[in-house]
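Notebook open, viewer open. I'm jotting down what I look up as I go.

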Amino acid sequence: MRRPQLDIQLKTPDQIEKMRAAGLVVAEALRRMREAVAPGVSTADLDAIAESTIREAGAAPSFKGYHGFPASICSSVNEQVVHAIPSAQQVLRDGDMISIDCGAVLDGWHGDAAITVAVGEVDAALLKMAAVAEEAMWAGIAAAARGGASGKGRLTDISHAVEDTVRKGGRYGIVDGYGGHGIGTEMHQDPHVLNHGRPGKGPRLVPGMALAIEPMITAGSPRTVELSDGWTVVTRDRSMAVHVEHTMALLPDGVWVLTAPDGGRARLGELVTSRQSADSSAR
């Protein structure tokens, strides 16, 4: 079923269960890559870990071949915001920050998530920026959950919650033009989810919506440029950037963070669907 105007795909609870399976594949790939991040490791090394993890699970990398993208992850280091291509020549150094974006498709359904990881000893200000991005992502997910529960929520309630958390966290740039998105039988679907804006606008938040919430913030200007490889997006002023993401879905009794191993329970408490509890006990 798709909603009119924007082509929003609404999923049944059983279809969301399938998305959860894909989300757990992504979560495991990110866990393994997080453990592997260290000075001297190349972004190509991380890409190999992701691809092997995804394929071992019987899934396929969502990114590989997507509009010609050549790898299984996007590995964006320091001033790179998103979409950087892994390379054996890009070797991590002490003090770097790397954002790893990973997607998997299993039985026709997609999961998508991103983490920002410190490499060795990293400046405390950068660690704070990464923490603020993480808080903003969870604030956006919580806003979606509350809006879905009340029946009055609108898409830009998520955007506003993300922006408000970032603004309260410090003087950071919120990257424009890039943001979250719908997800399901395709990796990118309607609606586009901005990381800033006034609340109360856009389509209603209803059960069956699945969204990737992904703040991208910078230590300087929010303006970006795309490099000549046609993929890598960097900050125009070369300031540091961070990027985090989870895939979430709204069900009649709550939210399910499909790419979080605990379904979001630790961060969201009773806002999480009862299906998450059954999922946890089954594993």
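Term first: helices (H or I, at least four residues) and strands (E, at least two) are DSSP runs, numbered from the N terminus. Before I go further, I note that this is a predicted model, where local features need pLDDT of at least 70, side-chain atom pairs count only at pLDDT 80 or more, and totals for chains, interfaces and linings use all residues. Residues are numbered from 1 along each chain as its sequence is written, and side-chain values use heavy atoms, with hydrogens and water left out.

**Entry 1: Thr156**

I looked up Thr156 and found it in helix α4, residues 155-169. Is Thr156 buried or exposed? Its relative accessibility is 16%, so I log Thr156 as buried. (Buried is under 20% relative accessible area, exposed is over 50%, and partly exposed is in between, with a 1.4 Å probe and protein chains only.)

Next I checked what Thr156 touches, with contact meaning heavy atoms within 4.5 Å. Not counting residues up to four places away in sequence, I get Gly197, Arg198, Pro199, Gly200 and Lys201. The Thr156 side chain also reaches the backbone nitrogen of Lys201, at 2.7 Å. I'm using the polar contact rule here: a pair of N or O atoms within 3.5 Å; within protein, one must be able to donate a hydrogen and the other to accept it, and residues adjacent in sequence count only if both atoms are side-chain atoms.

I moved on to β6, which covers residues 97-106. Of its 10 residues, 9 are buried, so I picture β6 as largely enclosed by the rest of the structure.

Which strands pair with β6? For pairing, DSSP has to find at least two bridges between two strands. Strand β3 (residues 60-61) runs antiparallel to β6 and is joined to it by 2 bridges. There I see Pro61 with Ala104 of β6 as its bridge partner. Strand β4 (residues 73-77) is also antiparallel to β6, with 5 bridges, and I find Val77 opposite Ile98.

Then there is β7 (residues 109-118), which pairs with β6 in the antiparallel sense over 10 bridges. I checked two of the pairs: Ala104 has Gly111 in β7 as its bridge partner, and Cys102 has Ala113. The two strands make a hairpin with 2 residues between them, and in the turn Asp107 has a positive phi of about 55 degrees. I counted burial for β7 as well: 9 of its 10 residues are buried, so β7 too is largely enclosed by the rest of the structure.

**Entry 2: His246**

His246 is in strand β16, residues 246-251. I get 12% relative accessibility, so His246 counts as buried. Its side chain joins that of Thr259 in a polar contact of 2.7 Å. Leaving aside neighbours within four places in sequence, the residues in contact with His246 include Asp112, Ala113, Met137, Trp138, Leu211 and Val257.

**Entry 3: the annotated histidines**

Which residues does the UniProt "binding site" annotation cover? The unreviewed entry gives His83 and His188. I'm keeping in mind that UniProt positions are given in the numbering used here, feature names are shortened, and annotations may be inferred rather than shown by experiment. The pair is spread over 106 residues of sequence but clusters in space, with a largest C-alpha distance of 14.1 Å.

I placed His83 in the loop between β5 (80-82) and β6. At 27% relative accessible area, His83 is partly exposed. Outside four places in sequence, I find His83 in contact with Phe69, Cys74, Ser76, Tyr178, Trp231, Thr232 and Val233.

His188 sits in the loop between β9 (180-182) and β10 (189-193). His188 is partly exposed as well, at 39%. Beyond its sequence neighbours up to four places away, His188 touches Tyr66, His181 and Gly182. I also logged a polar contact of 2.9 Å between the side chains of His188 and Tyr66.

I followed β8 to β12 (residues 216-218): the two are antiparallel and joined by 2 bridges. In that pairing I find Ile174 opposite Ile217 of β12.
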